[in-house]
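Hi everyone, thanks for coming. Let's look at this structure together, and do stop me if a term is new to you.

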Amino acid sequence: MALMPHILVHNFWDVLTITIENLTLVLSVHIFGLNFGIRRFWVIEKFTKTVIICGEEMTSENVFLLNTCPSMFCMRVRVALAEKEIKYETIDEDLTNKSKLLLETNPIHQQVPVLIHNGKPISESLIIVQYIDEVWHHKNPLMPSDPHKKAQARFWADFIDKKVFGPARKIWSAKGEEQEAGKKEFIEILKILEGEALGDGPYFGGETFGYVDVALIPVYSWFYAFETCGNFSIEAECPKLVGWAKNCMKRESVSKSLADPMIAYETVLFLKKLFGIE
Amino acid sequence: MAASTDVKVVGTRPSPFVNRVQFALNLKSIDYEFIPENLQAKSELLLKLNPVHKKVPVLVHGDKPVCESLVIVQYIDEAFPDGPSILPSDPYDRSIARFWAAYIDDKWFPAFRSLEYAKDEESRAEVLEKMSEGLVLLENAFVKCSNGKGYFGGDTLGYIDIALGCYLGWLKAIQIEFDLKLMDESKTPVLAKWAERFKNHEAVKGTLPETEELLNLMKVMKAAKAAAADAESEASK
């Protein structure tokens, strides 16, 4: 059944309250709750065509993620949620046909990822990761506690956001000189990260896997796509960085959250077709 | 006033990004030494403190540098927990504050910045429309975040106030210089009132450059640009 969530509530009584004017709805909810005892239900209301998801019994944390598999930004959130062992529901989006839920929970940017926790949406991947780290701070903290080290982590995550994705896009979407420039810039940025931010490792955070690692590791799943489009080897240019990435992949939170490199490559092919790029 | 905590700010007076850092320090009543920088001839100090971006502001606390204005503001909030909080304590409210600060820097300010490159009436009108739409969004955000109080942060200046308010000096100066309406009181009346309140806040007054100063600076920059263009055309003859 196609999922068209419209209103999110987080307990049974909320559903009763907001739908009290529609008896059919209330009765249906009541019946579902009693007879089936199912933990999740959809109720279709005839007149307004809304579908309500009741999230209270679904998971103990009421966490939903609006997601697409190949998005590096969604991967950041998936890694963070996995690090914290948070149970959540994934709602996969078709970005060529954005859902009402996406447009309502992220009206400004209309992009994934969006995290919905207890009915409240949070968008922008690094903001979501910080939110997850602050709410579930007791488990595998991603930020160091020292304010200066925190500032360093934020600085490098901001650097990654500002510098990595522009050149990366040129590698798969451009040709000739522009593509070469993209490759060159991309490698330069990775070298800066290798040299200035990575230190002795094994992680950007030092001994512990942290915020900067989460910010960057999803890009590794796209390396195959970049290398194939750009006809170059990232490992040859940045062996230390690739070593870091392989280390991260040993963590289950990372290996289970990152998309398979073939998916990233297929996405590139799809996007090239979509944008009419050779 | 807090005891001297060995805090330095490397920056330029008219930079909104540098001003952000100053507002935050003022809010926390932290004494600091201002080290002016010449962006046309960057010092060894700046290149050493910010080798990655080579930009101002840089905050130096003890011997540790912190770069990027919003990173610095968050650092100040965490390193100096006494005094008013800049970010809210609730994680969801913090995410909202960060969201709008990111929107201001990633969407609204680049639109503002692009005014400089708008060569004709049409493209200028387009930019102004974008900026105006952004301010309407920010006005709605203000209503939600302020909870009926005077600032995005409620009773005191918060993260979004600092992130947006730093541009108010330049907004007014450019408004006057080019005879443009950049913040329309009819479209964003609540934000217009907030702007006045912000400019008069004790953590802002005396730090946010006065309109006169920025207008003079623009004259100087314009003259320097013209002189450089003349010199170039002379050299090519």
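Helices (H or I, at least four residues) and strands (E, at least two) are DSSP runs, numbered from the N terminus.

A quick word on the ground rules. This is a predicted model, where local features need pLDDT of at least 70 and side-chain atom pairs count only at pLDDT 80 or more, while totals for chains, interfaces and linings use all residues. Residues are numbered from 1 along each chain as its sequence is written, chains are lettered from A and ligands numbered from 1 in the order written, and side-chain values use heavy atoms, leaving out hydrogens and water.

Now to helix α7 of chain A, residues 165–173: which of its residues are buried? They are A:F165, A:P167, A:A168, A:I171 and A:W172, where buried means under 20% relative accessible area (1.4 Å probe, protein chains only). These residues sit on the same side of α7(A) because they cover an arc of only 165° around the axis, taken from the directions from the helix axis to the C-beta atoms. Their cover includes α8 (176–197) and α10 (223–230) of chain A.

A:F226 is in contact (heavy atoms within 4.5 Å) with residues including A:A168, A:I171 and A:W172.

Technical notes. Buried < 20%, exposed > 50% of the residue type's maximum accessible area, 1.4 Å probe, protein only. Lists of a residue's contacts leave out its neighbours within four places in sequence.
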